[in-house]
Amino acid sequence: MLITKNSAVEFHYILSEAGIELESSFNEKPMAYLHGHGGLFPAMEAALEGKTTEDKVEVTLTPEQSYGDRREEGHIQRIPIKHLQTNQKLKVGAVVTVESDKGRQEVTIVKVGKFNADCDLNHPFAGKTLTFSIEVVSVRAATEEEVSHGH
């Protein structure tokens, strides 16, 4: 089956920048998404359109096509430590998750205090040209329920 709108797709990926691996899903469960519903960056969905199980695709995205450019002004925020979700000891450079009015987002710690941490609100991959090496694991028609929920 080919990947088209309303296909339920699972894939593994390696994410790299300038040939340096940043992330990989190969030691975890594959990523799953509903094709054509905005679950991936548009350029990634376009690269996967028409592919099938076991196909391999490499797609390079500019910052504008992925996490955007880094914004410096106004993107450092002091957040109470109790709102930071992590299993590790907080330290400068650590990437942690925080719930905000815009939903869950990843932030980078730039300073740790007793009760608060100063966090860079830019996504850790903002400003980077990213290459995704993708291997399609499975493709099937989505169920009516999956289509109605959009995922």
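This is a short tour of a predicted model, moving from a sheet to its aromatic pairs and then to a single threonine. Residues are numbered from 1 along each chain as its sequence is written, and local features need pLDDT of at least 70, while side-chain atom pairs count only at pLDDT 80 or more and totals for chains, interfaces and linings use all residues. Side-chain values use heavy atoms, with hydrogens and water left out.

**The sheet**

Select strands E5 to E9, which make up an open sheet of 5 strands in the order E5-E9-E8-E7-E6, with antiparallel pairing. Strands and helices here are DSSP runs numbered from the N terminus, a helix being H or I with at least four residues and a strand being E with at least two; two strands pair if DSSP finds at least two bridges between them. Strand E5 (76–80) and strand E6 (84–85) stand at the edges with a single partner strand each, so one side of each has no neighbour in the sheet. Next, select E6 together with strand E7 (residues 95–100), and an antiparallel pairing over 2 bridges comes into view, in which Leu-84 has Val-98 of E7 as its bridge partner.

**The aromatic pairs**

Now show the aromatic side chains: the structure holds 5 aromatic pairs, where rings of Phe, Tyr and Trp (its six-membered ring) pair if their centres lie within 6.5 Å, and planes under 30 degrees apart count as stacked, over 60 as edge-to-face and the rest as tilted. Begin with Tyr-13 and Phe-132, whose ring centres are 6.1 Å apart with planes at 50°, so this pair is tilted. Tyr-13 sits in strand E1 (residues 7–17) and Phe-132 in strand E10 (residues 130–141), so that the pair links parts of the chain 119 residues apart. Both Tyr-13 and Phe-132 are buried, a word that stands for under 20% relative accessible area, with exposed meaning over 50% and partly exposed in between (1.4 Å probe, protein chains only).

Move on to Phe-41 and Tyr-67, an edge-to-face pair at 5.0 Å centre to centre with 85° between the planes. Phe-41 lies in the loop between strand E3 (31–34) and helix H1 (42–48), and Tyr-67 in the loop between strand E4 (56–61) and E5, so the pair ties together parts 26 residues apart in sequence. Phe-41 is buried, at a relative accessible area of 19%, whereas Tyr-67 is partly exposed, at 30%.

**A threonine in E8**

Finally, select Thr-108 in strand E8 (residues 103–112), which is buried with a relative accessible area of 18%. Leaving aside neighbours within four places in sequence, Thr-108 is in contact (heavy atoms within 4.5 Å) with residues including Gly-93, Val-95, Cys-119 and Pro-124.
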